[in-house]
Amino acid sequence: MLTQQEQYMKEALALAWEAAGAGEVPVGCVIVRNGEIVGRGRNRREEKKATSSHAEMEAIAQANETLGTWRLDDCELYVTLEPCPMCAGAILNARVKRVWYGARDEAMGACGGVMNLFMENFPNRPALVGGILAEECREVLAEFFARLRRKNEPEIERPK
């Protein structure tokens, strides 16, 4: 039986798979307040041609609209990949109370993968929990990038 956190991460994973199907890096995010999802997002950088269209940014914007406020201090954020510095900054500014992430990001992670912005002396730092359904979160990324590499491999010419 899944924990409540795993159920929310499954919702984020569904968005990650949706992103993969659209040719986007597969990251999904949901924001929860009092047991209700108030924001959903997935990567849309290619679709929108916008650097800031990460899953977390999209989910934060939707939660802001749903709740009618920029303050998300009574919300928890679930994301399939450790947030990058831009998203970690937005999470800090939104005052999210807790971040749950799946896979660690050794290349761009700002919650421990490369650095941890949430350990710096910012006000309103969220609690942080990593590794929620980590294997499933890594799987969608691995499958996406393997498919991308196969697609971009040059065709092998037959020797003459």
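The structure is a predicted model. Helices α3 and α4 pack against each other with their axes 9 Å apart. The residues described are glutamate 58, which lies in helix α3, glutamate 36 in strand β2, arginine 95 in the loop between α4 and β4, and asparagine 124 in the loop between β4 and β5.

**Packing of α3 and α4**

- Helix α3 spans residues 55-67 and helix α4 spans residues 85-94; the angle between them is about 25°.
- Angles under 35 degrees count as roughly parallel, and α3 and α4 are therefore roughly parallel to each other.
- The crossing of α3 past α4 is left-handed.
- On the α3 side, the contact is made by Glu56, Met57 and Ile60, while α4 contributes Met86, Cys87, Ala90 and Ile91.
- Six of the contact residues are nonpolar, one is charged and none is polar.

**Glutamate 58**

- Glutamate 58 is part of helix α3.
- Its relative accessible area is 18%, and because buried means under 20%, glutamate 58 counts as buried.
- The side chain of glutamate 58 forms a polar contact of 3.2 Å with the side chain of lysine 48.
- Leaving aside residues up to four places away in sequence, glutamate 58 touches Arg40, Gly41, Arg42, Arg44, Lys48 and Ser53.

**Glutamate 36**

- Strand β2, which covers residues 36-42, contains glutamate 36.
- Glutamate 36 touches Tyr8 and Ile31, again not counting residues up to four places away in sequence.
- From glutamate 36 to cysteine 75 there are 39 residues in sequence, and the C-alpha to C-alpha distance between the two is 9.6 Å.

**Loop residues with positive phi**

- Arginine 95 sits in the loop that runs between α4 and β4, the latter being residues 98-103.
- The phi of arginine 95 is near 65°, a positive value in a residue other than glycine.
- With a relative accessibility of 28%, arginine 95 counts as partly exposed.
- Asparagine 124 is in the loop between β4 and β5, where β5 is residues 127-129.
- Although asparagine 124 is not a glycine, its phi is positive, at about 60°.
- Asparagine 124 is partly exposed, with a relative accessibility of 41%.

Key. Residues are numbered from 1 along each chain as its sequence is written. This is a predicted model: local features need pLDDT of at least 70, side-chain atom pairs count only at pLDDT 80 or more; totals for chains, interfaces and linings use all residues. Side-chain values use heavy atoms; hydrogens and water are left out. Axes are lines fitted to C-alpha atoms, for helices over the stretch in contact, and angles run from 0 to 180 degrees between N-to-C directions. Helices (H or I, at least four residues) and strands (E, at least two) are DSSP runs, numbered from the N terminus. Angles under 35 degrees count as roughly parallel, over 145 as roughly antiparallel, 65 to 115 as roughly perpendicular and the rest as oblique. A crossing is left-handed if the near helix is turned anticlockwise from the far one by less than a right angle, and right-handed if clockwise. Contact means heavy atoms within 4.5 Å. Ala, Val, Leu, Ile, Met, Phe, Trp, Tyr, Cys and Pro count as nonpolar, Asp, Glu, Lys and Arg as charged, and the others, Gly among them, as polar. Buried means under 20% relative accessible area, exposed over 50%, partly exposed in between (1.4 Å probe, protein chains only). A polar contact is a pair of N or O atoms within 3.5 Å; within protein, one must be able to donate a hydrogen and the other to accept it, and residues adjacent in sequence count only if both atoms are side-chain atoms.
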